[in-house]
Protein chains: 2
Amino acid sequence: MTSSPLHIAVVGGGIGGLAAALAMARSGHRVTVVERAARFGEIGAGLQLAPNASLALEELGVLDAVRRSAVAPPQLVMMDALTGKQITALDLRGDAYRSRFKHPYLVTHRTDLHGALLAAGEEHPSITLHTGRTVTDAVQTPAEVRLHFAETSERLAADAVVAADGLHSRLRQILVDDGAPVCSKYVAYRGALPVTSMTGSMAQHATTESVIVWAGPRMHLVQYPVRRGELYNQVAVFESDHYDPDSDDWGTEAELEERFAGSCDAVRDALPLVARDRRWPLFDRLPITDWVHGRIVLLGDAAHPMLQYLAQGACQALEDAVALGRALRDHDRPEDAFASYAALRTERAASIQTNARRFGEICHLDGMGAFLRNQLLADRTPEDFDDIAWVWTPAGDRRPAPTP
Amino acid sequence: MTSSPLHIAVVGGGIGGLAAALAMARSGHRVTVVERAARFGEIGAGLQLAPNASLALEELGVLDAVRRSAVAPPQLVMMDALTGKQITALDLRGDAYRSRFKHPYLVTHRTDLHGALLAAGEEHPSITLHTGRTVTDAVQTPAEVRLHFAETSERLAADAVVAADGLHSRLRQILVDDGAPVCSKYVAYRGALPVTSMTGSMAQHATTESVIVWAGPRMHLVQYPVRRGELYNQVAVFESDHYDPDSDDWGTEAELEERFAGSCDAVRDALPLVARDRRWPLFDRLPITDWVHGRIVLLGDAAHPMLQYLAQGACQALEDAVALGRALRDHDRPEDAFASYAALRTERAASIQTNARRFGEICHLDGMGAFLRNQLLADRTPEDFDDIAWVWTPAGDRRPAPTP
């Protein structure tokens, strides 16, 4: 570590913010996390942790804690939502996987991952956590940054600031000003239910440990167990024909039912057990490279909001956190550390953002396009990681994905 | 041949009707062809003759005549209409082609093919040709069929009737009554222009002897030379967003320009030289198996109208003609001959109809679907005929195409 510890403020106490706080504290710095909500927490659905994420969690010292409640699925299976037939699968526990990736593929409840990071943050003596602090402005001088809040006229002064304030980042708005997030016209309905509450075919199905992605025309359903198999997580995603940027009356439950009506029995049986309490419009942004603005740096969804089709949103935030922690160990001045962090992260995050969109298109193909996709994937073996390895490898094989 | 020659009336003097007349006359029967138009003829665009068609022409004794004006393209090339890059190609003159198919792949002007068949029909002593005869009804007795005409109260009595009256077949309407043809909402603009009339990049391009298919989103352009290379044939096809079954005001030239606007330079350069004098809405029908109705049998488009995406419409009519001629050589009673013909032909024609639709879908893919198609075809060699051989082989390898 460098000679003089910094005081760094983190805006946002979600997965990315807490991971960054932990990484920076472990590099010897003093960290204050400010969260706008009244309590720290995550809203309830599952999360996939590819090996790049579990490697990051190991570096943050929380992998064992996360593993205690996570599930290690044996396979990632892509099924055709219309025919009910398997399209392809990846073995996540075999020798080929282990020798290539070293770290486990896990699925967990967002709350469980967030809880593990929060517990580690609370325990760490150099981390201070504040809730009920909504940042309204960040004023930089050559020597520091002062954060302004909606709730109090008190300012928070820090040597540097990490903006981990998510998709609708206030700091990105101030610093980058690239407009609103881009809505994909897709919505998700998601949630995890107790396996014990399930009956009939779903009760049996929910004992399956694999991650199952049912791919269909402009829709898909993802299923996997979380929390030691006690909860079964389901995410139903579809494109709405009634998208209206000025209204919430699109992507409704009625549309959900309609879009999934032609699915195979297994998908239709699962649909009544998909959580309906909230609809999640799905957003991303085009990649940017200017993550650093003086003593302020963007991280996680504030830096690279992405569609969820590669299941890399949280994984990339964790990669960010580790990279930022390392940069702040190797460099004295926050500007130098941030530049080093951005140099390592922007291109990779941009690739993932771009390819998440593409993978969504592949997943949501219809008719002949879906048929060709299935043909193209038919010859894959479950040990063939060549197309996905660059996503699951934080540094190393950075073979860019093919460009349509 | 059998003991007693029949008198067979052919309704329709297009390619299928004339080929059938020739085949039956060569089997020893007396044939009367009745054509509604004032003169025999074909409307002007090109036509591809795959080896199944050139084999049929050889059996009809007109292959040499057709070859005199046809072009034998070295390749069938599929290009991406947006990027201008080659997707795949088939060698049509190499050793692999010749050893597998034996007969040439030719492209010709419809008028030239029709002219060769007409000349052979006019020369044949057992064939009588009548124009200006529009069939309105066909009345069967146990011994004969009587055709009624719009132009005269005279009837034509025959032992049997071949309905080769095309897509809008009057006889199919009477016998099968399966409604109107199915419009695909696609239209074609097509025609062949003198190469000498072309200037600039098109003048040079029109010396290319290969068949070139530019595949794009919901559109494509086909190009090849005909008539010894003197004419260059172009067919521009696209899906209209304004289809209206009760109007001709859709698939307009303005839509043509709009749909092709995003194409590569080569396609946009070609577009002004696509014939615009007439738009051709593209129709087919679902396959049927009841081609035989007593002493009347369906042939060509009247039996199996298909979309043009496999370029098999005329080829299948020629296969019909040869099969019908053989059946009428091998069987005494027309009913038996027709049953034998239908047994040989209905399943194969149905496959081609169905797969022509599919091939259109493949050709017209957009975005990720097109990208996957190009990926899937990238590894093909020009000597690999495995996917198309069943189409180009009248009997033999009948491997059905994959089903989406």
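Start in chain B and select the strands E7-E2-E1-E11-E18-E17: in that order they form an open sheet of six strands with mixed pairing. (Strands, of at least two residues, and helices, H or I of at least four, are DSSP runs numbered from the N terminus; two strands pair if DSSP finds at least two bridges between them.) Strand E7 (127-130) and strand E17 (292-293) of chain B stand at the edges, each with a single partner strand, so one side of each has no neighbour in the sheet.

A word on what is on screen. This is a predicted model, in which local features need pLDDT of at least 70 and side-chain atom pairs count only at pLDDT 80 or more, while totals for chains, interfaces and linings use all residues. Residues are numbered from 1 along each chain as its sequence is written, chains are lettered from A and ligands numbered from 1 in the order in which they are written, and side-chain values use heavy atoms, leaving out hydrogens and water.

Next, select E1 (residues 7-11) and E11 (residues 160-163) of chain B. Four bridges join these strands, which run parallel. Find Val11(B): its bridge partner in E11(B) is Ala163(B). Contact means heavy atoms within 4.5 Å. (Axes are lines fitted to C-alpha atoms, for helices over the stretch in contact, and angles run from 0 to 180 degrees between N-to-C directions.)

Stay in chain B for a helix pair. Select H2 (residues 51-59) and H10 (residues 313-330): their axes come within 9 Å and cross at roughly 40 degrees. That makes H2(B) oblique to H10(B). (Under 35 degrees is roughly parallel, over 145 roughly antiparallel, 65 to 115 roughly perpendicular, and the rest oblique.) Residues making the contact include Ala53(B) and Leu57(B) of H2(B), and Leu318(B) and Val322(B) of H10(B).

Move to chain A. Select E5-E4-E13-E14-E15-E12-E16, an open sheet of seven strands with mixed pairing. Its edge strands are E5 (86-91) and E16 (279-284) of chain A. Five bridges join E12 (residues 182-194) of chain A to E16(A), and the two run antiparallel. Ala188(A) has Trp280(A) as its bridge partner in E16(A).

Last stop: His114(A), in helix H5 (residues 110-123) of chain A. Its side chain has a polar atom 2.8 Å from the backbone oxygen of Gly13(A). Among the residues His114(A) touches are Leu18(A) and Phe40(A).

Terms used
Polar contact = N/O pair within 3.5 Å; in protein donor to acceptor, adjacent residues only side chain to side chain. Lists of a residue's contacts leave out its neighbours within four places in sequence.
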